Amino acid sequence: RSDWSSDVCSSDLAVVAGALVVVGAGVALNQTRQGPKSAAYHAVRNPIAQTLLVTGRVAPPARAPLGAMVQNTVVNVAVEEGQIVEAGTLLVSLADDEAAARVREAEAQVAEAAARLRRVRGVGRQVAGERLTQAAAQAEELERQYQRAETLFAQGSLTEAQYDVDRRARDVARSQLVAAQLEAAASDASGADTAASAASLARAQASLEVAQAGLDRTRLRAPSRGQVLERSVEVGQVVRPGDVLLTFVGEGPLDVRITPDEFHLGLLRVGQSASVVTEAFPDRPVDAVVSRIAPGVDASRGTVEVHLSIVGEVDDVALRPDMTATVEVLLGERDDTLVLPTWLVHDLGTRQPWALVSEDGVAVRHALVLGLEGTDTVEVVSGLTEADAVLPPTADVEAGDPVRHRAVQPAIPVGG
């Protein structure tokens, strides 16, 4: 009897075990048909901002290499690097002995021509007037004398020889009168002598200007108020035309130049705000705004040059020409839009991004239209709603596979 009881117990246990195996197999088959279980997330409404982070350089308004215009020896360098100078300040002097001598010679020629013109307009005109008066009186007197001689000669009271003398005297007086008239006309304000003297003076003045220009070319002056950035010459050095003596920066607001990849060209706009931080003063950011975008692209580098103007007052110490700076340009921002973490987006950065969504127990691929891209989030313009259960890339499913998901969680923590 004892053996019979043991056999019954063993049989019952086998039945129970078999039932459990059948139940387990049914559960496993059901789970296989329903697909694996995965976490799920939904897009949330959050603010987002897209920025462009790029390295740039602080640029002066106008950098100009100031060079020599003549070949000569440097006799004086009146400035040092970093010095602020006013417009017209003498910066470098070259030997000017010959140029100064030419100026003095030209000045003497101007003085001589001016004196000649004064003489023509003053004493010369007066003398010519007196000569004309005398010649007219003499011509009139000799004309009367000739008339008397002609009457006497007709009456036979005067010899032919005497008559010829009186006639020749009359003719000479007439010639002298014409000469005096021409001289007086020439010395008039519009006369030839006056015009010739005035032309001589003009030529002398032009020669003086040329000589003065030659002298000025031996003296390098500041073209405007600004700063001497670099000094490239010393006293005693012989320089030739075109040799750079100083590097000069004119006064004006500094700007920042960046050369981002042409990929960003479609997002850049004049007027966008930016923040500039120099490597020397990382704790003193400066506000800026995009002021110019170059019309062309550098074909060799695939970049585009962008200028940013500094906004507001800036400490001269915190921002200097040629400083290296990190620039963050605000390309766009939204205060309230549908966003998704970038790690939930497949093929991000391509023309066809997508997300895998659980719909009625099946994994479905949703094509996405994206907008602004933040540091780790992206704006979803279309393709998702807040109710969609987005499956992570770690889910062991593909589009069309059955899937089960746990409770849908916000893709971004509240307040994150």
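An open sheet is built from 4 strands in the order S8-S7-S5-S10, with antiparallel pairing. At its edges lie S8 and strand S10 (238-239), each pairing on one side only. Strands here are DSSP runs of E, at least two residues long, numbered from the N terminus, and two of them pair if DSSP finds at least two bridges between them. Strands of a sheet pair through backbone hydrogen bonds, either parallel or antiparallel. Strand S5 (residues 72-77) meets S10 in the antiparallel sense over 2 bridges, and threonine 73 is opposite valine 238 in S10.

This is a predicted model, in which local features need pLDDT of at least 70 and side-chain atom pairs count only at pLDDT 80 or more, while totals for chains, interfaces and linings use all residues. Residues are numbered from 1 along each chain as its sequence is written, and side-chain values use heavy atoms, with hydrogens and water left out.

The structure holds 1 cavity of 30 Å³ or more. A cavity is a set of points, on a 1 Å grid over the protein atoms alone, where a 1.4 Å probe fits but cannot get out; lining residues have an atom within 4 Å of a point. Grid points are joined across faces, edges and corners, and a volume is the space filled by probe spheres set on the points. The largest cavity contains about 60 Å³ of space. Strand S7 (90-94) and strand S8 (219-221) each supply at least two residues of its lining. Residues lining the largest cavity include Gly67, Met69, Val92 and Leu220.

Key. 1 Å grid on protein atoms, 1.4 Å probe; cavity = no way out; pocket = protein on both sides within 12 Å on 5 of 7 lines; lining within 4 Å.
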